[in-house]
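Hello,

Here is the structure I promised to pass on. Please open it first, then read the notes below it.

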Amino acid sequence: FKQKPEHMQHHQMGSVRHTSLLFLFLSLLYIVERGQGSTNPPSSPWYGRLSGIVDDCCCEVSAVDHSLHDEHMHEHLSKLVNTTFFRYFKVNFQKECPFWDEDYVCSIDGPGLCGVCEVPEDQIPVPWRESRIQPSHDGKDINWEDDDKDIWIIQDDQDKDTLYVDLPENPERYTGYTGGNPAKIWMTIYQENCFPDPYECVEQRVFYRLISGLHASTTAHIFENHFDTTTKTWRPNVPLFTERLGNFPDRLKNIYFTFLFLLRATHKASSFLSHYNYNTGHPQEDASARTLVQEVLQANLCSASTFDETPLFKGERAALKRDFMHKFRNISQIMDCVACQTCKVHAKLQILGIATALKILLADERQIEHLQRNEVIALLNTLHKFSESIQIIHDMKLRSMPPRSVSPYVIAATIILTIIVTAMFSLSRHRPPSGQVKTPASSKTQPSTQGSAKKRSKQTNK
């Protein structure tokens, strides 16, 4: 066989050395990457248990997350609730608590945000000031009220003592509302107005999940916008969120359930909402509100079958509907016992939003066609609040993840591999090509021993 030229052998050896260096370098990267987070990983983080099907719905948690984030539904809802039509909500603060005397404390050390300011008269849309008569979907003015025998909630908007509140200016957050009153309200709701066995049938499960979802959503907003009394700043309270919500996957899933329930009602009323007269006297902004409503209605998740209401109150369970409505009306009245005004606004808003969804899904078509303005505002604002709660869950998940750490064994392996790679790279630069031997510089000036012997022999013969 022919022997390869020396320069080709040198090139081949160089390629082998380079390949070895590349292999060692990639091995180093792999070891470091595999070692990330290997020190004390959490045994069972709460966010790892939030997955799968949402009970009593036809949808998975991941599908909701995809629609809110990747399809921008949450973004559209956030823009919608900041339009003039959806930012003003009508509420009556003068109704007395029918069950007990009010007793509460708005913490002096806290932010002191229990009160709200009435929207000035000149900021209220002119069409709203001119008449209390609500426009229907075809633009005609009608006077319509619920049948006394078939109402889900006792509304405020026709009371003479009502006033408008700017919702974005009074966000749902920690207000310093403390004392025994908040605990008494939730205890009364669960112990006296929920069914004895909330899981006995689908109707009772729906009722419980809606109330639990409302409670969990409220808690999520409080811990996302929590007031640090030490630094006097607003910040998320991850430990409290984990303690009260994160460690209870059923509570988190009830937020998803209520969101899907509201979304199903929004879809069922899509024809009405598409043609509704969003009139505030500002044509350009009213057109924007209508466009944003369409964006929400056209989302894939909105058109999907997220909840099936058809089996509810059928057959022997038909008699449950009256009891269901009675308990929900009681809960709406309990909201008058919320002494903190900011808390009362958001409690009444969301109770009305859920009641409107119940009316849409469980009542006849006539009631859908005659929803009142406050109901439309409450429905879509409540849908946004629950989408916001799901966003809070996502953000809390990211904050709860432990920082990525590297095992000491990985560090030691990294150092050894680094030394090896450095040494091999150094040798590859200074090693001469194969077959070549470097001659010392001093050898050029010294005569060879054989040459000197020949000279001495010649001189002797002479």
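**Pockets, core and cysteines**

The second largest pocket has a volume of about 350 Å³. Its lining counts 20 residues, and P171, E172, H384, K385 and E388 are the closest to its centre. Keep in mind that this is a predicted model.

Which helix gives the most to this lining? It is α16, with seven residues. Helix α16 spans 373-400, and α7 and α14 also supply at least two residues each to the second largest pocket. By class, the lining of this pocket has nine polar, six nonpolar and five charged residues.

Now the largest pocket. About 910 Å³ of space lies in it. There are 35 lining residues, and the closest to the centre are W186, H215, T218, T219 and I222. Helix α7 gives the most to this lining, with nine residues. Other elements that supply at least two residues each include β6 (177-178), α6 (180-193), α8 (238-246), α9 (249-268) and α14 (341-362). The class count for the largest pocket is 19 nonpolar, 11 polar and five charged residues.

Next, the interior. In soluble globular proteins, nonpolar side chains tend to be buried together. Here the largest nonpolar core has 111 residues. F241 and F259 have the most contacts inside this core. Helix α14 gives the most to the core, with 12 residues.

What does F259 touch? Leaving out residues up to four places away in sequence, its contacts are V64, L68, M73, L301, L383, F386, S387 and I390.

Last, the cysteines. The count comes to one disulfide. It joins C97 to C337, with an S to S distance of 1.9 Å. The link of C97 and C337 is right-handed, with 75 degrees about the S-S bond. C97 sits in the loop between β1 (88-92) and β2 (105-106), and C337 in the loop between α13 (320-334) and α14, so the pair ties together parts that are 240 residues apart in sequence.

Buried or exposed: where do these cysteines fall? C97 is buried, and C337 is buried too. C117 has 63% relative accessibility, so C117 counts as exposed. C343 counts as partly exposed because its relative accessibility is 23%.

Then go to the link between C97 and C337.

Best wishes

Technical notes. Residues numbered from 1 in each chain as written. Predicted model: local features only at pLDDT ≥ 70, side-chain atom pairs only at ≥ 80, totals over all residues. Heavy atoms only, no water. 1 Å grid on protein atoms, 1.4 Å probe; cavity = no way out; pocket = protein on both sides within 12 Å on 5 of 7 lines; lining within 4 Å. Points joined across faces, edges and corners; volume = space filled by probe spheres on them. Helix = DSSP H or I, 4+ residues; strand = E, 2+ residues; numbered from the N terminus. Nonpolar A, V, L, I, M, F, W, Y, C, P; charged D, E, K, R; others polar. Core = buried A, V, L, I, M, F, W, Y, C linked by side-chain atoms within 4.5 Å. Buried < 20%, exposed > 50% of the residue type's maximum accessible area, 1.4 Å probe, protein only. Contact = heavy atoms within 4.5 Å. Disulfide = S-S within 2.5 Å.
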